[in-house]
Amino acid sequence: MPIKHHVGEAVHPVPHGATGLPPGKWAGYVVAVWGVLFAIPSFVWAMGGTFGAQSTVAPELVKMAEDGVPWFLALLWVTGFLKLYAALVGVGLTRRQDGWISRLVVFSAGGATVLLVCHGSMFVVHGILAEIGAIDVRPDIAGLTHWYLYLWGPYFVTGGLAFGAALLRYLRRHDTRQVIRRYAAVGALGAGLLSLASIITGIG
């Protein structure tokens, strides 16, 4: 009902969430921004630009981008669109979804949470070990250690934690059916196995 401050003046209550970000939805929007920002370098490098890559990415990858190696450029385009897909998943986690869309969103979010946290943590651990001299690093990539330790590793972990927070909120508030939770668990398990395989084989 209107609230009167004095005669002739009435102030209507402000609708919930109208003055700022809806409570609890920040994580999903963080994921969206994270995905878009992460996609930009992939598209720039796929189009032949190597701005920022020379000092932050392995030299062999920079050379393939500069030489226009077809399969590598295709990979850059694919990863760029996957990062945009991650942004869409983040937005999808901010509101209730139905049917197969809900299953796809939670499956993707579960996988992204584990994969990003594991991948980023490996970068950080490798960087720390290199910094303290516990492992040897090739001279030509020694300078990259700082970037993986202070930029790429934390960026991956931040994205993973944001995915996890958004997923937990979605499962708690929008869909409590056990089958939906299983899709999230399967996505997380699959990403965990993929990360384990990466550690064992040294690929990735």
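Me: Before anything else, what's a nonpolar core?
Reply: A nonpolar core is a set of buried Ala, Val, Leu, Ile, Met, Phe, Trp, Tyr and Cys residues joined through side-chain atoms within 4.5 Å. One thing to keep in mind as we go: this is a predicted model.

Me: Ok. Which residues touch the most other members in the largest core?
Reply: Those are Leu93, Val106, Phe163, Leu167 and Leu171, out of 23 residues in the largest nonpolar core.

Me: And which helices supply at least two residues each?
Reply: α1, α4 (70–92), α5, α6 and α7 (178–201) each do that. The largest share comes from α6, with eight residues. There's also a second, separate core of 10 residues, and Val57, Val62, Met64 and Phe72 are among them.

Me: How far does α4 reach from its first C-alpha to its last?
Reply: It has 23 residues and reaches 33 Å, close to the 33 Å expected at 1.5 Å a residue.

Me: Is Phe38 buried or exposed?
Reply: Buried, because its relative accessible area is 10% and the cut-off for buried is under 20%.

Me: Switching to rings then. How many aromatic pairs are there?
Reply: The count comes to 12 aromatic pairs. One of them joins Phe38 and Phe156 edge-to-face, with 5.3 Å centre to centre and 85° between the planes.

Me: Which residues do ring pairs link into a cluster?
Reply: Trp34, Phe38, Phe123, Tyr148, Trp152, Tyr155, Phe156 and Phe163. You've met Phe163 already, as one of the residues that touch the most other members of the largest core.

Me: New topic: how many salt bridges does a search of the whole structure find?
Reply: Two. In one, the side chains of Asp67 and Lys63 meet at 2.6 Å, N to O. In the other, Arg96 pairs with Asp98, with the closest N and O atoms 3.7 Å apart.

Me: Why can side chains like that pair up at all?
Reply: Because side chains of opposite charge can pair when their charged atoms come close.

Me: How far apart in the helix are Asp67 and Lys63?
Reply: They're four residues apart, about one turn of the helix, and both lie in α3 (residues 59–67). Lys63 counts as partly exposed, at 49% relative accessibility.

Me: Last one, Ser108. Which helix is it found in?
Reply: Helix α5 (residues 99–131). Ser108 is buried, with a relative accessible area of 17%.

Me: What does Ser108 touch?
Reply: Leaving out residues up to four places away in sequence, Ser108 touches Tyr85 and Val89.

Technical notes
Residues numbered from 1 in each chain as written. Predicted model: local features only at pLDDT ≥ 70, side-chain atom pairs only at ≥ 80, totals over all residues. Heavy atoms only, no water. Buried < 20%, exposed > 50% of the residue type's maximum accessible area, 1.4 Å probe, protein only. Contact = heavy atoms within 4.5 Å. Phe/Tyr/Trp six-rings, centres within 6.5 Å; stacked < 30°, edge-to-face > 60°. Salt bridge = Lys/Arg side-chain N within 4 Å of Asp/Glu carboxyl O. Expected span 1.5 Å × (residues − 1).
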